[in-house]
Amino acid sequence: MPRKFFRRFLPSHESVRGNRHVARLGPWLQHPGLWHLNRRSVAGAVAAGMFAGLIPGSNPIQFTAAALLAIAGRVNLPVAVLVTLYSNFLTVVPLYYAAFRLGQFVLLEAGGPLPSRAFGLEGKGFDEWIPAALHWIASVGKPLAIGLPLLALLLALIGYFAVDWSWRLYVRCTWSSRKRRRKERSA
């Protein structure tokens, strides 16, 4: 993958270090691997971002988790944080449904539909609605609690190998194209 493509969208190392909130983490952000754009660093960052993107919570929690994973793995920090945006309000329902199904598969439960929702309690009091809602959450909870980390790991592995493979393919195609041009010029 061309470095110029990524550099167009990523902030510079100096601008990130100059941020007053990030400046507190100064020594942790000094490792050059956090800012390099190479195959290993970007593929690892995609894996970290894919994993952190399925952590329940809002974007600040996912951004923080991706940043911590990037620092621990010494992979590109901005790419890891940006990749977490794949889980957004449009994709979270299908992702969590896939995690629920994966959890059902791993737990060897019947592949039936989601448990019926407990929110059809119109006209009922709050004291009747809360236990029904908690029962529904508990019935979904175990497959989701198993499936969510598994799906996060699966997506992280797929992301890592997809970026690694496509980066290698791009480099090979570029080399062969360059070799062909050199042959044409010399002939």
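Where is the place of Ala47? Ala47 sits in helix α3. The structure described here is a predicted model.

## Confidence

Across the protein chain the pLDDT averages 82, and 74% of the residues score at least 70. Among the elements of the chain, α3 has the highest mean pLDDT, 95. The lowest mean, 67, belongs to helix α2, which covers residues 13-18. Where pLDDT is low, the predicted coordinates should not be read in detail.

## The nonpolar core

The largest nonpolar core holds 34 residues. Within this core, Val42, Val46, Leu54, Leu77, Val79 and Leu155 touch the most other members. At least two core residues come from each of these helices: α3 (39-52), α4 (59-73), α5 (77-83), α6 (92-106) and α7 (126-186). Helix α7 gives the largest share, eight residues.

Ala47, in helix α3, has a relative accessible area of 15% and is therefore buried, the limit being under 20%. Between Ala47 and Val83 there are 36 residues of separation in sequence, while their C-alpha atoms lie 8.6 Å apart in space.

Phe105, Val106, Ile146, Leu150 and Leu153 make a nonpolar surface patch of about 450 Å². Two elements, α6 and α7, each give two or more residues to the patch. The largest contribution is that of α7, with three residues.

Leu153 is one of the patch residues and is located in helix α7. The relative accessible area of Leu153 is 47%, so this residue counts as partly exposed.

## Salt bridges

Side chains of opposite charge can pair when their charged atoms come close. The structure contains two salt bridges. One of them joins Arg39 to Asp164, with 2.5 Å between the closest N and O atoms. This pair links distant parts of the chain, since Arg39 lies in helix α3 and Asp164 in helix α7, 125 residues apart. Asp164 is buried, at 11% relative accessible area, whereas Arg39 is partly exposed, at 29%.

Asp164 also forms a salt bridge with Arg168, and here the closest N and O atoms are 3.2 Å apart. Why are Asp164 and Arg168 separated by about one helical turn? The two residues are four residues apart in helix α7, which accounts for that spacing. Arg168 is partly exposed, with a relative accessibility of 39%. Through shared partners, the salt bridges join Arg39, Asp164 and Arg168 into one network.

## An aromatic pair

The count of aromatic pairs comes to one. The partners are Tyr160 and Phe161, whose rings are 5.3 Å apart, centre to centre. The angle between the planes is 90°, and the pair is edge-to-face.

Are Tyr160 and Phe161 exposed or partly exposed? Tyr160 is partly exposed, because its relative accessibility is 27%. Phe161 has 51% relative accessibility and so counts as exposed, the limit being over 50%.

Most residues other than glycine have a negative phi, and most peptide bonds are trans. Arg74 is not a glycine, yet has a positive phi of about 55°. Arg74 is placed in the loop between α4 and α5. With a relative accessible area of 44%, Arg74 is partly exposed.

Terms used
Residues are numbered from 1 along each chain as its sequence is written. This is a predicted model: local features need pLDDT of at least 70, side-chain atom pairs count only at pLDDT 80 or more; totals for chains, interfaces and linings use all residues. Side-chain values use heavy atoms; hydrogens and water are left out. A nonpolar core is a set of buried Ala, Val, Leu, Ile, Met, Phe, Trp, Tyr and Cys residues joined through side-chain atoms within 4.5 Å. Buried means under 20% relative accessible area, exposed over 50%, partly exposed in between (1.4 Å probe, protein chains only). pLDDT is the predictor's confidence in each residue, from 0 to 100. Patches are made of residues with over 30% relative accessible area and no salt bridge: like charges are joined within 9 Å, nonpolar side chains (Val, Leu, Ile, Met, Phe, Trp, Tyr) within 5 Å. Accessible areas come from the Shrake-Rupley method with a 1.4 Å probe; for residues, only the protein chains shown count as cover. A salt bridge is a side-chain nitrogen of Lys or Arg within 4 Å of a carboxyl oxygen of Asp or Glu. Rings of Phe, Tyr and Trp (its six-membered ring) pair if their centres lie within 6.5 Å; planes under 30 degrees apart count as stacked, over 60 as edge-to-face and the rest as tilted.
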